[in-house]
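Please look at the sequence and the structure shown below, and keep both in view while reading.

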Amino acid sequence: MILIATAGKVGSEAARLLTQHQVPVRVLVRDPKKGEELANAGVEIAVGDLDVPESIDEAMVGITALVLVSPAVPAQELNVIGSAARAGVEHVVKATNKASADSPIARRRGQTEIEAGLAASGLAYTLLRSNAYMQNTLLLGPVIAKRSSFGSSAGKGLAGMVDSRDVGAVAAEIAASPASHAGKTYWLSGPESISNYDVADVLSRLLGRTITYQELSFDEHKSAMVSAGLPEAIAEQNAQAFSLTAEGDAEWVSDDVQAILERKARSYEQFAADYAAAFS
Ligand SMILES: NC(=O)c1ccc[n+]([C@@H]2O[C@H](COP(=O)([O-])OP(=O)(O)OC[C@H]3O[C@@H](n4cnc5c(N)ncnc54)[C@H](OP(=O)(O)O)[C@@H]3O)[C@@H](O)[C@H]2O)c1
């Protein structure tokens with residue numbers, strides 16, 4: 001039985017694919033309503049909270065492989081790692097980012113702390129170090145619908161954005177057959193690095209009207225995200241990440257998705273077509 005730590009973008013796709021392939025899978029959710037769709041698809045649901053170790057221990061019973069994906073609050077993921085070690089889980093697939101201890105971005109430093117805890121646990125594991133998720137651009141849907149325009153502090157920077165459904169598919173594949181992946185780190189990206197000008201072009205073609213991209217300063221972008229409802233700390237970290245993108249930080253692609261899934265990684269065009277309703 002495979003446990004998936006949360007039912008977010010990556011976790012729910014991994015759960016859906018494993019169930020489709022008749023691999024027994026359990027997903028931890030804190031709100032049973034959020035698990036209803038997966039339960040209807042045949043996924044076992046465990047109700048728990050990553051802040052409550054006892055609830056994680058209950059979800060961990062009978063688990064051989066774990067997909068560790070969550071908002072990556074260090075204390076929470078370290079709870080899950082501790083539970084997995086106590087339960088004798090054989091393999092952990094950990095979703096992470098371009099983590100580093102001296103990153104200016106708090107969530108990257110947090111991922112380093114979690115990765116260190118995983119390494120110290122003695123568990124066998126695989127790291128999925130992903131580029132920015134294409135699904136982040138879904139947050140632009142409302143502003144594009146209203147203004148046919150969007151802005152960012154990413155400047156002209158290129159990013160090898162990856163579809164989070166591909167990250168979920170890679171996690172599912174490795175969790176189902178982990179032997180050859182122990183100790184490896186995969187860098188997950190889409191097929192090409194694109195800028196926000198390219199995103200605007202793709203969306204213009206998709207929607208049949210001109211969508212424009214406007215370069216914003218760090219402060220302009222941060223306050224736009226705060227006005228759109230993001231908590232200040234998240235808006236700050238997002239603006240930091242986009243400013244690094246402007247400097248080339250996300251301009252990387254790899255063949256790892258294709259090598260593991262034996263099919264091409266989804267392109268931004270495919271992603272946008274699949275989510276057209278969200279941009280319309
Ligand atoms: N976004 C990117 O561009 C990007 C790029 C590289 C790596 N990553 C990594 O991807 C991971 C995030 O994955 P994701 O995008 O699939 O996440 P996501 O879609 O944001 O989903 C997070 C899930 O965690 C659940 N959750 C939050 N707090 C919880 C708690 N205390 N107990 C139980 N469940 C809880 C949420 O449930 P509720 O619905 O109840 O809140 C939600 O289902 C992070 O490790 C991040 O660093 C992201």
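## Contacts with the ligand

A backbone N or O atom of Lys9 is found 2.9 Å from an oxygen atom of the ligand, a distance that can be judged against the polar contact, defined as a pair of N or O atoms within 3.5 Å, where within protein one atom must be able to donate a hydrogen and the other to accept it, and residues adjacent in sequence count only if both atoms are side-chain atoms. For Lys34 the atom concerned is a polar side-chain atom, which lies 2.8 Å from an oxygen atom of the ligand, while a polar backbone atom of Ala95 is 3.5 Å from an oxygen atom of the ligand. On its own the ligand has 940 Å² of accessible area, of which the protein covers 80%; such areas come from the Shrake-Rupley method with a 1.4 Å probe, and for residues only the protein chains shown count as cover.

This is a predicted model, in which local features need pLDDT of at least 70 and side-chain atom pairs count only at pLDDT 80 or more, whereas totals for chains, interfaces and linings use all residues. Residues are numbered from 1 along each chain as its sequence is written, and side-chain values use heavy atoms, with hydrogens and water left out.

## The shell around the ligand

How many residues surround the ligand? There are 24 of them, and the closest are Val10, Arg30, Lys34, Gln111 and Asn136, where a residue is near a molecule or strand if one of its heavy atoms lies within 4 Å of it. By type, the shell divides into ten nonpolar, ten polar and four charged residues; here Ala, Val, Leu, Ile, Met, Phe, Trp, Tyr, Cys and Pro count as nonpolar, Asp, Glu, Lys and Arg as charged, and the others, Gly among them, as polar.

Helix 1 (9-20) and strand 5 (91-96) are the elements that give two or more residues to this shell, with helices (H or I, at least four residues) and strands (E, at least two) taken as DSSP runs numbered from the N terminus. The shell also draws at least three residues from each of domain 1 (2-123) and domain 2 (132-162 + 189-251 + 263-280), the domain bounds coming from an automatic or database domain assignment.

## The chain as a whole

The chain has 13 helices and nine strands, and its C-alpha atoms fill a box of roughly 55 × 40 × 35 Å, taken along the principal axes. A compact globule of 280 residues would have a radius of gyration near 19 Å, and the chain agrees with this because its own value is 19 Å; the radius is taken over C-alpha atoms, and the globule rule is 2.2 Å times the number of residues to the power 0.38.

Of the 280 residues, 50% count as buried, a word that means under 20% relative accessible area, with exposed meaning over 50% and partly exposed in between (1.4 Å probe, protein chains only).

## Buried residues

Helix 1 holds both Gly11 and Glu13. Gly11 is buried, with a relative accessible area of 1%, and Glu13 also counts as buried, at 8% relative accessibility. Glu13 and Ser164 are 151 residues apart in sequence, and their C-alpha atoms are 8.3 Å apart in space, whereas the C-alpha atoms of Gly11 and Glu215, 204 residues apart along the chain, are separated by 33 Å.

Asp249, in the loop between helix 10 (232-246) and helix 11 (256-261), is buried with a relative accessible area of 19%, and a polar contact of 3.0 Å joins its side chain to that of Arg108. Gly155 sits in the loop between strand 7 (149-152) and helix 7 (164-176), where its relative accessible area of 12% makes it buried.

## Exposed loop residues

Gln22 belongs to the loop between helix 1 and strand 2 (25-29), and is exposed, with a relative accessible area of 69%. Its phi is near 60 degrees, a positive value in a residue other than glycine.

Glu262, in the loop between helix 11 and helix 12 (268-274), is exposed at 73% relative accessible area, and its phi, near 55 degrees, is again positive in a residue other than glycine.
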